[in-house]
Amino acid sequence: MSKKARVIARLDVKGPNVIKGVQLECLRVVGKPGEMAEKYYLQGADELIYVDIVASLYGRDNLLDIVDKASDKIFIPFTVGGGVRTLDDIREFLKAGADKVAINTAITKDPELVSKGARMFGSQCIVASIEARKIGDGKWEALTDNGRETTGLDVIEWAKKVEELGAGEILLTSVDNEGTQKGLDNDLIRSVTDEVSIPVIACGGAGSSEDLLDCVRKGNTDSVAVSSILHFDKVTISDIKSTLNKDGIEVRNLD
Amino acid sequence: MTEADLTIIDYGLNNLKSVSKGFEKIGRSSKVVDTPEEVLSAKCLVLPGIGAFEDGMNGLKKRGLIDPIKQKVSEGTPFLGICLGMQMLFTESEEFGLHKGLDLIKGRVIAFKAPEEMNIDWYKVPHMGWNEIITPAGSTWNGSFLEETKEETNVYFVHSFYPVPEDNGVILATTEHGKQIFASVVQKGSLVGTQFHPEKSGELGLSILESFCDINNIGEGGTEK
């Protein structure tokens, strides 16, 4: 990890569209993956994340196609998630041009996929995706299939476990805050960053650049993933970066 | 069929697609090869790479590419090594035991210090993310493929090891990670290597690839940019 904070644009895709919902439900179409990815790339996103929210149900060819097209135009690292189940799936996505894969459902069923994937392709390309729902004071449960299924796993324990297995990063999404634009769940982020030393990408709930700054400070993370406020043109990537930078956080400049 | 502008060497473990797409974006054609004959007929060679040093060298050896690469470099063929492809230019590496490299530049590839030794809050290994390249004292980018690049340009790194050349004169740019200043760009004659990934460093990364092509008169350049 470098000392510069990362601002990552997250695109949830369903079929040919980028969609956005609230708490992973009530989805609405907000654009096309290719055009939106290029827009955020040119605005100065440090990375991109694509998540196919229905791939666990319907297969992953759609996402492979999106990745293939993205690699024509996007020259920053990007992560792909949704429907990654096996080492062959990981290989296929990396070959299509992705730098990292995010895995959620499959690793809750077969945690060894993390260690095998890390050994074969390197820790740096295995991102453990954790969807967290608050179940009590300072307690969160890990969900899968975009918040549809429960696992019984405690988020903090699960985060420690995926680090031990060799995950290079954690993408941590608050299902409660996701899409609400009421701010990130900084307690959740902090509870995990206190316990692991791999980078934790905070996701879910940003309503403004200030919310993201708040999360970097209070959640003690250097990486944030953003969707709603970018998709609805409330802010640009550069607005977010200048808010972080004004508060003394180093970010990547474009010139 | 006309010869490709750039010949990208496939040794079994690297992500080649983003490199060839990067060249395509700047209007240069490339082909991916894995035989000695194809390496020997190249106008310009690119050795990309992500992965372990030993696996990389074994991949080159198994395909009989080590001698052809050395021959091309000795003939002055323009050559770009990226990340692991840059590290393999050196004499040897300490990654998982001591392993011999291509020995085209004298020096050793060593590991970043472990986070436990450093006591820096944000410091982690691998060094992954955006960081700056700067000109070391006594060096200049004038006349090199970095001539058009601004000081402190941000580029993208993913690595746990870095090369220490015997001769500081080959170091074109340095980068600092957790108080360790390492050679992030090296140059020796027609041979250049970048520890960062220009193909993942946004538009500025692409312009570095373009300068590499321009300075070596490789291809015409595209209409896209």
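**A chat about the two-chain model**

Modeller: A compact globule of 255 residues would have a radius of gyration near 18 Å, and chain A, at 16 Å, agrees with that. The radius is taken over C-alpha atoms, and the globule rule is 2.2 Å times the number of residues to the power 0.38.

Colleague: Hi! What kind of model is this, and how are things numbered?

Modeller: This is a predicted model, where local features need pLDDT of at least 70, side-chain atom pairs count only at pLDDT 80 or more, and totals for chains, interfaces and linings use all residues. Residues are numbered from 1 along each chain as its sequence is written, while chains are lettered from A and ligands numbered from 1 in the order in which they are written.

Colleague: What ipTM and pTM does the complex get?

Modeller: The predictor gives an ipTM of 0.90 and a pTM of 0.92. For chain B, the mean pLDDT (the predictor's confidence in each residue, from 0 to 100) is 93, and 96% of its residues reach 70 or more.

Colleague: Back to chain A. How many helices and strands?

Modeller: Chain A has eleven helices and twelve strands. These are DSSP runs numbered from the N terminus: helices are H or I with at least four residues, strands E with at least two.

Colleague: And what share of chain A is buried?

Modeller: 55% of its 255 residues. Buried means 20 or more other C-beta atoms within 10 Å of the residue's own, with C-beta atoms placed from the backbone.

Colleague: Which strands make up that open sheet in chain B?

Modeller: The order is β6-β5-β7-β10, with mixed pairing. Strands β6 (99-100) and β10 (161-165) stand at the edges with a single partner strand each, so one side of each has no neighbour in the sheet. Two strands pair if DSSP finds at least two bridges between them; β5 (residues 90-93) and β7 (residues 105-111) of chain B run parallel and are joined by three.

Colleague: Which residue is the partner of B:Glu92 in β7(B)?

Modeller: B:Arg108 is its bridge partner.

Colleague: Switching to helix α7 of chain B: what does it pack against?

Modeller: Its buried residues, including B:Ile208, B:Leu209 and B:Phe212, pack against α1 (17-25), β4 (79-82), β9 (153-159) and β13 (191-194) of chain B.

Colleague: What comes after α7(B)?

Modeller: B:Asn217 follows, with a positive phi near 55°.

Note on methods
A residue is buried if 20 or more other C-beta atoms lie within 10 Å of its own, exposed if 12 or fewer, and partly exposed in between; C-beta atoms are placed from the backbone. Two residues are in contact if their C-beta atoms, placed from the backbone, lie within 7 Å.
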